[in-house]
Amino acid sequence: MLLANDGGLLPLSPATGVAVIGAFAREPRFQGGGSSHVTPTRVDVPLTEIRRIAGDARVTHATGVGNGDDDEDLLLAEAVAIASEAEVAVLMLGLTDDQESEGVDRQHIDLPGNQLRLLEAVAAVQERIVVILSAGSVVDLSPVVPHATAIVSGALLGQGGGRALARVLYGHATPSGRLAETVPLRIEDVPSWGNFPAEDSHVRYGEGIFVGYRGYDHRRREVRFPFGHGLSYTTFDYRSLTVVAGHNGWTARVEVHNTGSYRGREVVQIYASLPASVRRRAPRELVGFGHIELDPGQSGQLEVVIERRDLAYWDEPAGCWLVEGGEYVFAAAASSRDLRIEASVPIDGDPRPVRIDLDSTISEAMADPDARLILDEVFRPLAANAGEASGAVGASIEQLVGSIPVGRMLSGFLGMDRESVAGIAEQLARIHR
């Protein structure tokens, strides 16, 4: 993924003199640690592939950092020297198997300190810096952004990753990848912060449904790079969005226009929101995506199918997935924070199965006409004492006790015996059998 490209530094011209810095340039990190290790048929080495495309242009290399046994000062000096003589410095940074692997939780999201010192030292002698990241998880980019002109997230690309990176650097391929996670400004902004790591072998999933980008949006946190973010060497405009109902869902049709000078692929994301929702939900949720490849100046229409279940929420009391009715707003977007064009669509909700029992609150029970008849009779003495004219449970009483479970109200507040409470429970259970 191309995360940043200030001033259009990328793609590089093959004639550009490049200093490639970092151990990953010769020994790429291309797969995860632990049981995910596989034996590759071959491994494309980034430095070799860069030199293959650059041809006669000068491409130098320095490791820059050591493994603890090396003379770090000499390695750093060598990297600074070649960076000062090049037109562009390409720094390959990231995490090793020792720093992220299965079975081991990371204690932070920082890049190694010696890599950050290397970046600062190179930035002191070279203004044009491309940082390529090799890591299987998010790293803090706050120390990187001030020094990097362009940032490419190489993730863990597999055995062919070296060639892929070189092709992107020189424009033989136009990047179109998108982040499948959010890069935060700081670890304290992560939705699970405060609930993780485990304490006494117990992890509390306190964020509930507000995980990932939903958590950042719900808490209105600024981020370094949002979910779904990814740049290209070209640019795209979204000209129109229509959402049309189908057999079991909807089809979002987006007209996309390539306004740049490169052929490229645009990944269009469709987010849905329900501003008037009575449920706890994120400001918007990804409900579909698709991609379209266009030549410069070309337009095309992309269709994204949205199934009804993509809009559903889990209703705990009902024990099933339901779609809430209302005026939904669909947005065609380039990321979760880059909404380009919107369309509103009224959608009928699913009937909510009612299950009233002793654990239901007074308000939930009173919302059901049959349950209200039963409880009105039970609460009549309480209502009469409160001065309700009808002798039934009125608004003032319901507001006072609305959040109390029915069973607790019967036994605790009204002092009913177990047999009487069981009888009420049986009446409530018969309502919706």
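How do strand β16 and β17 pair, and over how many bridges? Strand β16 (residues 326-335) pairs with β17 in the antiparallel sense, over 9 bridges.

## About the model

This is a predicted model, in which local features need pLDDT of at least 70 and side-chain atom pairs count only at pLDDT 80 or more, while totals for chains, interfaces and linings use all residues. Residues are numbered from 1 along each chain as its sequence is written, and side-chain values use heavy atoms, with hydrogens and water left out.

Helices (H or I, at least four residues) and strands (E, at least two) are DSSP runs, numbered from the N terminus.

## A sheet of four strands

β16 and β17 belong to an open sheet of 4 strands with the order β12-β11-β16-β17 and antiparallel pairing. Two strands pair if DSSP finds at least two bridges between them. At the edges are β12 (285-294) and β17 (338-347), each pairing on one side only.

Let's walk across the sheet. β11 and β12 pair over 9 bridges, and here Arg265 stands opposite Glu293 in β12. Another 5 bridges join β11 to β16, with Ala332 in β16 as the bridge partner of Ile270. Finally, Tyr328 has Val345 in β17 as its bridge partner. Strand β11 (residues 264-273) is mostly covered, as 9 of its 10 residues are buried (under 20% relative accessible area; exposed is over 50%, partly exposed in between; 1.4 Å probe, protein chains only).

## Salt bridges

The structure holds 20 salt bridges, each a side-chain nitrogen of Lys or Arg within 4 Å of a carboxyl oxygen of Asp or Glu. One of them joins Arg178 and Glu266, whose closest N and O atoms are 2.8 Å apart. This pair links distant parts of the chain: Arg178 is in the loop between α4 and β7 (183-184) and Glu266 in strand β11, 88 residues apart. Both Arg178 and Glu266 are buried.

Glu303 and Arg253 also meet in a salt bridge (2.8 Å, N to O). Glu303 lies in strand β13 (residues 299-307) and Arg253 in strand β10 (residues 249-258), so the pair ties together parts that are 50 residues apart in sequence. Glu303 is partly exposed, at 46% relative accessible area, and Arg253 is partly exposed too, at 26%.
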